[in-house]
Amino acid sequence: MFPQVDCSGSPQLGAGVNVLQKFVLRLLLAGTLALSSSASADQGTCRGTSRVVEVDTANGPKIGKFQYPGTLDLGLREVVLTFDDGPDPVLTPKVLDILDAYCVKATFFLVGKAAEAHPDLTLEIVRRGHTLGNHSWSHPRSLRRMPSAKGRLEIEQGFNAIYTASAGALAPFFRYPGLSESRSLNKFLQDRQFAIFSSDVNTDDWRKHIKAETIIKGTFQRLQQRGKGILLFHDDRPVLVEALPTILEGLKLRGYKVAHVVPKGPRLEPWASDRSVAQAPVDKPSVYSGSKATPVAHSTPDALP
Ligand SMILES: [Zn+2]
């Protein structure tokens with residue numbers, strides 16, 4: 001079910017990729033994707049993950065310029081790949097193969113219920129070297145609008161389900177469904193020393209009826225404005241699976257590097273109960289490798305899945 005991938009060769013991405021690669025070439029010719037002077041197509045297909053970025057979650061950092069002042073301390077033309085809403089038994093394995101073909105590592109924000117239903121696939125994501133984060137138990141449309149206790153339960157149950165399915169290989173990373181945050185749940189997460197992930201560059205792959213070409217073009221246009229950042233994808237969307245090889249190829253052609261985000265510090269313990277919030281560990285590390293995030297009032301985008 002999960003074939004090994006030889007990263008020394010060319011990616012085996014299926015016939016559909018060629019069509020999209022042609023599309024990218026058209027964009028390049030049209031000047032939409034202006035190549036950097038240093039970018040070179042002969043760098044080899046498999047550039048791989050450039051470096052590992054450790055995130056110290058001790059202070060509950062809020063990460064991602066889409067919502068917060070702070071984000072990861074990435075270099076110019078450096079991106080982080082994140083995938084929400086999986087694991088999907090059909091599409092997530094395809095995404096894993098595509099990532100393997102380009103030898104890049106990502107962070108998967110899993111839905112607890114889906115992780116519980118597909119523990120083998122959850123473990124396979126770990127085995128391929130990716131990072132796991134929590135995206136709630138059942139992916140409610142808006143945690144912000146739920147009673148706070150119910151919201152906490154969503155976070156806690158999601159954590160426990162992914163923790164169990166992954167045999168403990170879960171980072172203290174949380175991303176709200178729909179990026180629909182609340183102050184009380186932020187405090188709950190920060191008390192538990194979770195990093196709260198938003199994004200820097202959205203790809204719109206969640207939109208109904210969006211085409212792969214539109215995702216690709218929009219992603220690169222937004223990325224060009226920032227020059228770096230955390231990209232937000234959804235690995236349960238067929239159109240994203242269609243677009244992803246071309247996006248990774250486009251990143252390579254334009255000289256972008258892919259960084260892999262991992263948590264700093266010891267492994268997590270199972271989340272015993274809501275009541276244990278008051279018993280959070282006290283020996284906190286003091287350094288956060290990314291930019292400091294400070295609490296701000298902001299509008300929350302409920303539109304994202
Ligand atoms: Zn989601």
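Helix 2 (91–101) and helix 8 (residues 238–253) are roughly parallel to each other, a label for angles under 35 degrees. The model is predicted: local features need pLDDT of at least 70, side-chain atom pairs count only at pLDDT 80 or more, and totals for chains, interfaces and linings use all residues. Residues are numbered from 1 along each chain as its sequence is written. Helices (H or I, at least four residues) and strands (E, at least two) are DSSP runs, numbered from the N terminus.

**Helix 2 and helix 8**
- The two helices pack at an angle of about 0 degrees, and their axes are 10 Å apart; axes are lines fitted to C-alpha atoms over the stretch in contact, and angles run from 0 to 180 degrees between N-to-C directions.
- L91, K94, V95 and I98 of helix 2 meet P238, V241, L244, P245 and L248 of helix 8 (contact: C-beta atoms, placed from the backbone, within 7 Å).

**Helix 4**
- Helix 4 (residues 119–127) has L121, T122 and I125 buried (20 or more other C-beta atoms within 10 Å; exposed means 12 or fewer).
- Seen down the helix axis, these buried residues fall within an arc of 105 degrees, so they line one face of helix 4; the arc is that of the directions from the axis to the C-beta atoms.
- D120 and R127 are exposed on the face turned away from the buried side.
- Among the elements covering the buried residues are helix 2, strand 4 (107–110) and helix 5 (148–165).

**L110**
- Leaving aside neighbours within four places in sequence, L110 is in contact with G86, P87, A115, T122, L132, H135 and I162.

Note on methods
Contact = placed C-beta atoms within 7 Å. Parallel < 35°, antiparallel > 145°, perpendicular 65-115°, else oblique.
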